[in-house]
Amino acid sequence: MKEVINPPAVNIEEGEYHINMGPQHPSTHGVLRLVLSLQGETVKSLQPHCGYIHRGIEKMCEKDTYPQIIHLTDRMDYLSAHINNHAVCLLVENALEVDVPERVKYIRTILDELTRIASHQLWWCSFGMDMGGQTCYFYGLRDREKILDIFEESFGSRLLHSYYTPGGLMMDIHPNFQKRTKDFIKYFRKKIKDYDYILTGNIIMQERTKGIGYISKEDVISYGVTGPTGRGSGFSCDVRKHHPYAAYDKVDFREVLETAGDTFARYMVRMHEMRESMKIIEQLIDNIPAGDFTAKMKAVIKLPAGEYYQRVEAARGEYGVYVVSDGNKSPYRMKFRSPNFSNLSALDHMSRGYKIADLIAIGGSLDYVIPDIDR
Amino acid sequence: MSFSIYDFTAFNQAIDKALFDNCSPFWATVWELTIIGLVFLIAYALMGLFLVYAERKVCAFIQNRVGPNRVGPYGFFQTIADFIKLMLKELITIKNADKVLFNIAPFIVIIVNFMAIAAIPFAKGLHAIDFDIGVLYVVAVSSLSVVGVLLAGWSSNSKFSLIGAMRSGAQIVSYELSVSLSLITMIILAGTMQFSAIVEGQANGWFIFKGHIPAVIAFVVYLIASTAEINRGPFDLAEAESELTAGFHTEYSGIKFAFFYLSEYMNMFIVASIAATLFLGGWMPFHIGGWTGFNNVMDFIPPIVWYIGKTFFLIWVIMLFKWTFPRLRIDQLLTLEWKYLLPINLVNILIMAFIVLMGWHF
């Protein structure tokens, strides 16, 4: 058999060496492999190697019906499962021009924001862990558990919900849902101060994140970086604000923008976003209108032939679903625009010239979820 | 043979006398060394296991968890179970590792630990060797552990290990300065380097109270620098698990890994012991000069209890550091030492010398 020789990715200079970070590594948040080119401790360049958890979801979607596809989107960015489901549901509803009941829109908005809080909590945990503060992990998980309990009581699943269906919801919310959500908001408003005490205000943490991993607004736009990572550089890209969907046009919230463009700015964007999400939920939770929990849909959903694109604001950025339909019950072609993939592409640009420890902090501030990158 | 928990001198001398009466001087010495060695070996293993357990409980307490609670009462035997598991595991030596150095490294770390422990006074008369240069000896010996760490990183043939070892080298060599200088500050106050004399010198007040502000500064600097010297968080760059997986001992398995792990905890114990001895009076009870009645009451608590209490308090403080702070970066770590701690220490020594010279200390 002919021996396969991989050519070196870059020309190795004197004193430079390569190191494989991952696919088994505590701080790559999954099976991401980064080939680092180092000089001493300084990162000269890095190459992400994807595909270790590639499952071919986009290809699988071509055989599935639209309600089935929803279950696959859970498995991509598993931390913002509701939001991923939402994108597919919205796409089908907009394509068929279904009138979704107001009640559904409200509940979906609340659940999306709860998911965003839960996702940011887990990001905070793992960011603290990446910085070496292991106590953060347990603080964050403790509070995230409350949200998962609400989810569990309401519709039975904790991580992969598949609760949204085209046209509405799978079932109505649990009678306790409103009370428990309000309790959680009250609880978390107190607990988020702990987050600031233990990590945000820590001098070591600030020293390690301020001015580290700088990326300019122009670079953010050209790399297609969205979400909190993009907003940390001052790129106003919140889909909820610019292209409102569900009940986002009815609520008053701020698009969190920071201009510093460093790791600390990205950190602060997410911390503020948790507070903004709580604000949104508070505005909606008492005003859920009565009505059906789903619109009347046909038993077999067929999209008219054509191309459709729907985007939503996932916890990590703009999540897009692109469908080419030939009029059948399953799409002809399906493409997901996952925020993590674009965000990861900027990692090399961000981390050049910084130390290994900075690379870990920058990676933590990008908050990548590997199954979303590989799909 | 008289045994008193307050003073072990008579007990030790009785054993010594009995041995020399019954054997030739050569064999009596051999027996003595064997007994001391065995006692240290057992105490070392038990203390290491207990510290691992303590750390797991302390960190569980901080992190809203229960910690080990299945094996034995309150999970007390969990670490023993872990230790047995580690002893039974396969010792893996990876390809192209430098076998000799790879195998020697964990032993160097352990031996260095033993050498340092030998000079520490645990209670009145409970003291293996009592040099007149005790402090110097401990500082000299404990800085040798960097050799074991460097060898482990170098011989593993793994880049992660190598980065960890290089970080550790830079770190230990730098922080050794601050540790020594803050100890020198206290030696100026004590006027001796002999551990037993230092402890006796604190009979009418611990040095941290006697030495005014310079002693407090030296104490804080010592705590920071020694935490860095033993590679514990927030200075655990050598084994930063989120960056280097496990740093210099990534490639070790089984009992060799356990050696590194134990030595980390025993280093913490040694560092806390020295701090307790030099700043908080070692086994000396809490005395206030002139208050005879109060001092007599304090004397009822055995010295060994005082010693263990102080040491474990300091260990607890070091553990709190680890579980509440994020980790520093290597350049920040070196900046902290060379730009802040070292100048503070140098000025501190001058102030302390001046105070001692003028006789202003208590």
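The stops below walk through a sheet and its strands.

This is a predicted model, in which local features need pLDDT of at least 70, side-chain atom pairs count only at pLDDT 80 or more, and totals for chains, interfaces and linings use all residues. Residues are numbered from 1 along each chain as its sequence is written, with chains lettered from A and ligands numbered from 1 in the order in which they are written.

Start with the sheet in chain A. Three strands make an open, antiparallel sheet in the order 1-2-3. Strands here are DSSP runs (E, at least two residues), numbered from the N terminus; two of them pair if DSSP finds at least two bridges between them.

Select 16-21 and 42-49 of chain A. These are strands 1 and 3, the edges; each has a single partner strand, so one side of each is left without a neighbour in the sheet. From one strand to the next, the twist averages 20 degrees (axes are lines fitted to C-alpha atoms, and angles run from 0 to 180 degrees between N-to-C directions).

Six bridges pair strand 2 with strand 1 of chain A. Pick A:Tyr17: its bridge partner is A:Leu38 in strand 2.

Finish at A:Gly40. This residue sits in the turn of the hairpin formed by strands 2 and 3 of chain A, with two residues between the strands. A:Gly40 has a positive phi of about 65 degrees.

Terms used:
Helices (H or I, at least four residues) and strands (E, at least two) are DSSP runs, numbered from the N terminus.
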